[in-house]
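Here is a friendly walk through a helix contact and some aromatic rings. Have the coordinates open in your viewer as you read.

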Amino acid sequence: MSATTTIEYGDRWFWSYDLARSVLLAEVIMTVRGTTGAKPDRWVDEVLDQLAACAEISDFALSIDPAWGRQRLRTFTGWLEQANRSLGTRAAVEPEEAAHWPLEQFEWRGTEAIPTASVISLGTAVIQLIRGTLPAEPPGKVWCYGFAPEPTLLPHGTT
């Protein structure tokens with residue numbers, strides 16, 4: 001099991017710290033499922049199931065499908081924005097919180113809390129990736145998000 005995993009949209013991708021990604025995805029799931037008055041929607045259920053699988057199994061790439069269409073992509077980025085706002089209300093996420101997540105097979109890596117600033121940076125990068133505003137990486141480099149509030153550039157081909 002690696003500490004990094006990919007997040008993909010169209011022909012672009014970047015590395016992310018798997019624990020930060022799990023925190024972000026769990027927050028998205030809890031935000032969406034906690035929305036009152038939400039009507040059953042097959043697409044929403046399928047996406048939330050995909051997010052749960054990616055949060056639980058760090059080796060799964062999170063692939064965001066451009067074929068979702070403009071409206072669904074707006075919905076998804078809205079969920080990410082809501083999750084970022086929710087995460088921004090506290091300084092860190094503690095390992096004990098994972099026991100209350102809607103995930104069946106998740107195990108926290110290590111014993112340390114993860115600063116929410118790192119997770120929010122990752123969420124913002126995913127939004128930028130979808131919107132086409134993620135800065136281009138220099139030749140031979142790839143972005144990595146979630147280890148710190150600021151992104152890291154890694155040599156292409158490393159994790």
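In this predicted model, A20, R21, V23 and L24 of helix α1 meet V119, L122 and G123 of helix α4. Helix α1 covers residues 18-33 and helix α4 covers residues 116-131; their axes come within 9 Å and cross at roughly 75°. Because angles from 65 to 115 degrees count as roughly perpendicular, that is how α1 sits relative to α4.

Now to the rings. How many aromatic pairs are there? The count comes to eleven. One of them joins Y17 and F147, whose ring centres are 4.4 Å apart with 25° between the planes. The pair is classed as stacked, because planes under 30 degrees apart fall in that group.

Where do the two partners sit in the chain? Y17 belongs to strand β2 (residues 12-17), while F147 is in the loop between β6 (141-145) and β7 (152-155). The pair therefore ties together parts that lie 130 residues apart in sequence.

The table sets out the accessibility of the two partners.

| Residue | Relative accessible area | Class |
|---|---|---|
| Y17 | 15% | buried |
| F147 | 45% | partly exposed |

Y17 counts as buried because its 15% is under the 20% cut-off.

Technical notes
Residues numbered from 1 in each chain as written. Predicted model: local features only at pLDDT ≥ 70, side-chain atom pairs only at ≥ 80, totals over all residues. Heavy atoms only, no water. Axes fitted to C-alpha atoms, helices over the stretch in contact; angles between N-to-C directions. Helix = DSSP H or I, 4+ residues; strand = E, 2+ residues; numbered from the N terminus. Parallel < 35°, antiparallel > 145°, perpendicular 65-115°, else oblique. Contact = heavy atoms within 4.5 Å. Phe/Tyr/Trp six-rings, centres within 6.5 Å; stacked < 30°, edge-to-face > 60°. Buried < 20%, exposed > 50% of the residue type's maximum accessible area, 1.4 Å probe, protein only.
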